[in-house]
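Please look at the sequence and the model shown here before reading the report. It is meant to be read beside them.

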Amino acid sequence: QMMERKRREMRALKKEARNRELLILENETLVEMSQMVGVSEEKEEEAIMKMCYRAIGTLNANEITVWLLLKKGTIARCTHDVRNEGEPDFKDQEIKVGHLKHFLERINEARVVNAWDPEEKVAREEWETLSAGFIKSHCLWAPMRLSGQLRGFFILQDPGKQKKWSDAEMRFVGALGDIGSMLIEGSKRRRVEEELRRRNFELDSFVYRASHDLKAPLNSMLG
């Protein structure tokens, strides 16, 4: 009994240490990624890749894919496919999401979803059917939102046997979705700012030309 109690205590200590490690890493990732938001397209791309590799290394996962909803939410495109080993084969693939009603609803209302939870059977089967068995391994889903609307999602894969993800691990994956949302928001803001700068430049050019065109005949009249 004493040995069993010691083993339980040791497992509890390891779990506590792991939870603390994930919390620290989550905060560090959030701070680091926030510094890249809205800076440039290259920085945003670098942030997403760093985030993906950090998630794979931290959670001992095999693969993480990033999907964005396009064409008014009718298409999901895989923008990133990062793996521990092997070549990515989902990048740039597109799937129609018209038959993913339950899947999208579940992702949109949660911070992170365990695909192999019995309650997620319908959503899991919807995704598995459209993605040609992509979800055969153990997965976690995390949403990315823009102004409260679903704009994409992360899928983290573990090729091993089904396991019980800890609350800290699920929270960490949920944080990836939060960071992804932040990057989408920053990217949109950067594009809006670039468009405003372009329009201001055009307006300044127009005002300059108009002023010049008005001055020319006036100067002629005044001699």
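This is a predicted model: local features need pLDDT of at least 70, side-chain atom pairs count only at pLDDT 80 or more; totals for chains, interfaces and linings use all residues.

Residues are numbered from 1 along each chain as its sequence is written, and side-chain values use heavy atoms, with hydrogens and water left out.

A nonpolar core is a set of buried Ala, Val, Leu, Ile, Met, Phe, Trp, Tyr and Cys residues joined through side-chain atoms within 4.5 Å, where buried means under 20% relative accessible area (exposed is over 50%, partly exposed in between; 1.4 Å probe, protein chains only). The largest such core has 32 residues, and I64, F154 and L156 have the most contacts inside it. Helix 5 gives the most to this core, with 8 residues; helices (H or I, at least four residues) and strands (E, at least two) are DSSP runs, numbered from the N terminus. I64 is in contact (heavy atoms within 4.5 Å) with residues including C52, F154 and L176, its neighbours within four places in sequence being left aside. A second, separate core of 21 residues includes L69, A76, A115 and C139.

The structure holds 0 disulfides, a disulfide being a pair of cysteine sulfur atoms within 2.5 Å. For C78, the nearest cysteine sulfur is that of C52, 9.4 Å away.

| Residue | Relative accessible area |
|---|---|
| C78 | 0% |
| C139 | 0% |
| R106 | 19% |

R106 lies in helix 3 (residues 101-109), and beyond its neighbours within four places in sequence it is in contact with V113, E120 and A123.
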